[in-house]
Amino acid sequence: MFRKKRKVQGDETILSLARIVGDDYILYRKEDLIAYECDGLTLYKGMPKAVVFPKTTEEVSQIVNYLSNCNIPFIARGAGTGLSGGAIPFGGEVIISLVRMKKLLRIDYENRQAVIQPGFVNLKLTNSIAHKGYYYAPDPSSQYACTIGGNVAENAGGAHCLKYGVTTNHVLGLEVVLPNGDIVEIGEEGIADRPGYDLLGLLTGSEGTMGIVTKITVRILKNPEGKKTVLAYFDRIEDASYAVSDIISVGIVPAALEMMDKTAIEGVEAANFPVGHPKDLAALLLIEVDGITVGIEDEINEIVEVCRRRNVREVKVAKDEAERAKWWANRKTGFGAMGAISPDYLVQDGVIPRTKLPEVLAKINDISKKSGLRIANIFHAGDGNLHPLILFDAKKEGETERALAAGSECLRACAESGGSITGEHGVGIEKKEEMRFIFTDDEIEAQTNIRSVFNPHNLLNPGKIFPSPSRCAEIKQEIITNREPVIN
Amino acid sequence: MVTELEKIVDEKRIVKSGDEDPFGNLGKCTVYPQTEEEISAILTYASKNGRKVFVEGSGTKKGFGGLLEKADILLSLSHCKGVVEYSAGDLTITVRPGTTIKEIGEYLAPFGQCLSVDPAWPEFATIGGVIAANSSGPKRLKYGSARDFVIGLRVVYPDGKVIRTGGKVVKNVAGYDMNKLFVGSMGTLGVISEVTVKLRPLPKYESLVLLSFSEKNLHEIRSFVIQLLDSMMEPVSLELVNPTLSNQLTGLEGYTLFIGLEGIEKSVLYQEMWIKEHQPKETELIILQQHEAKKIWSTFAKLAPNPLRIKEIDESNLEIGIKIGSKNIDVIELVEACHLMSLNKHVDVRVHGGIGHGITKAYVKGNTEAVLSYVRDIRSAGCNKGGYAIVEHAPYILRKHVNVWGDPPSYFSLLEGIKKAIDPNNVLNTQRFVGGL
């Protein structure tokens, strides 16, 4: 696939896997594996044993069947854009990359469904149906690269979830290869409420620890008739925060309601897509309303009024699609933009009740002061999903550790406000220990018990989501499964 | 047993001899806990002593599944009610499971917010029951269903342990989405002791457009609906109703589309206009606004048979409720099939199906034989379309003869595995669910 044909040489495992996928579709030399040591989270790295690139569900099933018989752990991987390390090996796992399974299998406009393979890129779906006036709603910022298979694993969100929901609200059916190689189909034909426990809902967001998704049926939506975007500049972050709750309280659910603070604005303005936001702002809100055109005007007026009551400095409506696109490019590239003002940055992903915005932002400010690191805030304010970006310099001794600690403190602040430690990036490796901020040992055990139903030997993506066993039960489970632990 | 239970809840909250009921799902005694601690203590007692427990809200779903007539204990959550926490700015509410849909609606209305669900019998149906049975109504098209609005639960496991799932925020991917396990699980996994849901703003204006097609003109429905779905229209319901039901609800003959519109007044009126402009030939159109629309929807919510109002079963004229799942557009053919079949089978059938969400409901009245035969035929019609049919309401005696849930899915072993992982001793709602789970 990536080089001139060479005969595969390697141990029995490599040879067996090559027999399933073909010599061209396996990587096993160290120099070829380096790119797979990590995903979008680059702070942790591990060397996989091999990477295989199956083309069909049957190949995935054969690979999984083989590996499970040999007790070799394995990980499914899409585009590798995940930010919590869900696709990072600890060492020795076989990575099953689904990037070759990237077909759009079927579009059914009448029933508003599309069937795709897991390696299909998120944005390509919207692009494939846009000419008929349809789109796929979940829009993570990485949508130009991330795959829908990965979106299902992570239950990905995006800027427009406030009104339209996250991935789980749009997945209608899945074909899944279970960790023993069995192929099952749930939500066949995308039909709702099939009798039985909601496996569709359970598998979505299970971070690749219950099964490998090989086919996905998603809901597609008709474009709203109209769309308007508002930009509001505030001199006090509290005013911007209160405006967010006020908008919701007056009965408007915007399609998107985004916020950036002073440091974040400094970053995006220094990067590739500046809008020309004033430099001395405390915060800005980017608000989008969509729906029936005649109704939008009223909602926009109401939003402008709410902002005025909260002492907005300036509020303006995008005059055309070009301006709207410019504002959104500025926002959606916000994480990367931090590279313009800091050598390194760490993204966090806490969620809070939106009414707690002012107090949690104040706490994050304290964490920043205490750690001596700048923290920028770019976030989905409408649904309370914060993305504190901790700016640091990995070359400076101890800063990486301080950044990690500050990130964890931000999550603690979110948890203490009644929120959660992740809204869309997933737990992965990164936030395993922080799971204890919100779940008791019993609650964690309740979840690992469910994992065992699907993944009894914990061979599929081991070591993710859940903190290290702190209870006898889980340790016993490790002993019962009686395999050589590949990871600690 | 009663003596033991009296140590947990006040004796006034124990009805020692369970009631008789034609719908089964009874207990040798009924207990009415008021708190999560009491629920937990009851389940701890039951699981330690090998007692079987059935769970109910107010009892509107007594006819839904269940092959055992009586458990040791019937745990009623109807006294475990009230709002725990509400914050308008967060658009979420936390309530106890026995709170009825109507009570929650009335609590929220002054704040301009409402629940995202329109199930049958809102004055009786409890939020816990709606979640456990995954009930939804015609407005599901826009509102979604329980799996979309439940963001957090507290669940008492069969051994008495309290487990929180999800959280109190609208977006949350920490750990597995355990909420989903309990939505629609018919109380077979745990007892929901607290519920947090996402809300929606109360619509500022609403109307209901009735568009009636003659019985010979069915292909017109299809082309109209496809045109509507492909337009910028944003209906909250697109429910097709058979002639029998149409006549009963509106006096209109023929198959009638119930097109619900909600939102800002201007946009509702604009959408009404679109329908008028696109009205197919030989159809009748009536527009009901505000109060008039609400009135029809509240009658609609009383269509499903309600076990609380049926004390005796007459085997020569009994009623069952069927839920059919299909692809969205197939609803049109299924509603028609349900109607035509009723003419041959000598049963009286009222049907409505949501084009756009794929759920069709049929309420069938007739003698035992005819009703059973009707279920078989409808099930095969549903299955032929790749869908399914389940019996959502039937008297206990009938449930033994009709396979309520249909055949178990190919992945039944996973469902069994989940039940075993959570309720290994079958304490809760045993034999209530798919494949005897």
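Domain bounds in this predicted model come from an automatic or database domain assignment.

**Figure 1. Domain layout of chain A.** Chain A is assigned domain 1 (12-97), domain 2 (104-222), domain 3 (225-340), domain 4 (342-438) and domain 5 (441-481). Taken over C-alpha atoms, the centres of domain 3 and domain 5 of chain A are separated by 43 Å.

**Figure 2. Helix α14 of chain A and its surroundings.** Helix α14(A) covers residues 399-416. Its 18 residues, at 1.5 Å a residue, should span 26 Å, and the end C-alpha atoms lie 25 Å apart, which agrees. The buried residues of the helix are A:Ala403, A:Ala406, A:Gly407, A:Glu409, A:Cys410, A:Leu411, A:Ala413, A:Cys414 and A:Ala415. These buried residues pack against β16 (344-347), α13 (357-371), β17 (375-379), β18 (388-392) and α15 (435-438) of chain A. Just after α14(A), A:Gly418 adopts a positive phi of about 95°.

**Figure 3. The contact between chain A and chain B.** Chain A contributes 72 residues to the contact and chain B contributes 66 residues. On the side of chain B that touches chain A, at least two residues are supplied by each of α6 (146-149), β9 (162-166), α7 (179-182), α10 (265-277), β18 (388-393) and α15 (412-422) of chain B. The most is given by α15(B), with five residues. By residue class, the side of chain B that touches chain A comprises 29 nonpolar, 23 polar and 14 charged residues.

Figure 4. The open sheet is formed by four strands of chain B in the order β1-β2-β4-β3, with mixed pairing. Strands β1 (14-15) and β3 (53-56) of chain B stand at the edges with a single partner strand each, so one side of each is left without a neighbour in the sheet. Strand β3(B) pairs with β4(B) (residues 70-76) in the parallel sense over four bridges; B:Glu56 has B:Ser76 in β4(B) as its bridge partner. Helix α2(B) (residues 36-48) lies across β2 (26-31), β3 and β4 of chain B and runs at about 165° to β4(B).

**Figure 5. Surroundings of B:Ile14.** B:Ile14 belongs to strand β1 of chain B. This residue counts as partly exposed because it has 19 C-beta neighbours inside 10 Å, whereas a buried residue needs 20 or more. Leaving aside residues up to four places away in sequence, B:Ile14 touches B:Val2, B:Leu5, B:Glu6, B:Val9, B:Cys29 and B:Val31. B:Leu75 is 61 residues from B:Ile14 in sequence, and the C-alpha to C-alpha distance between the two is 9.7 Å.

**Figure 6. Strand β17 of chain B between its pairing partners.** Strand β17(B) (residues 359-366) is mostly covered, with seven of its eight residues buried. Strand β15(B) (residues 318-325) pairs with β17(B) in the antiparallel sense over eight bridges, and B:Ile322 stands opposite B:Ala362 in β17(B). Strand β16(B) (residues 348-354) also pairs with β17(B) in the antiparallel sense, over six bridges. In this pairing, B:His352 has B:Lys361 of β17(B) as its bridge partner. The hairpin of β16(B) and β17(B) has four residues between the strands, and B:Gly356 in this hairpin takes a positive phi near 115°.

Terms used. Residues are numbered from 1 along each chain as its sequence is written. Chains are lettered from A and ligands numbered from 1 in the order in which they are written. This is a predicted model: local features need pLDDT of at least 70, side-chain atom pairs count only at pLDDT 80 or more; totals for chains, interfaces and linings use all residues. Two residues are in contact if their C-beta atoms, placed from the backbone, lie within 7 Å. Ala, Val, Leu, Ile, Met, Phe, Trp, Tyr, Cys and Pro count as nonpolar, Asp, Glu, Lys and Arg as charged, and the others, Gly among them, as polar. Two strands pair if DSSP finds at least two bridges between them. Axes are lines fitted to C-alpha atoms, for helices over the stretch in contact, and angles run from 0 to 180 degrees between N-to-C directions. A residue is buried if 20 or more other C-beta atoms lie within 10 Å of its own, exposed if 12 or fewer, and partly exposed in between; C-beta atoms are placed from the backbone. The expected span of a helix is 1.5 Å times one less than its number of residues.
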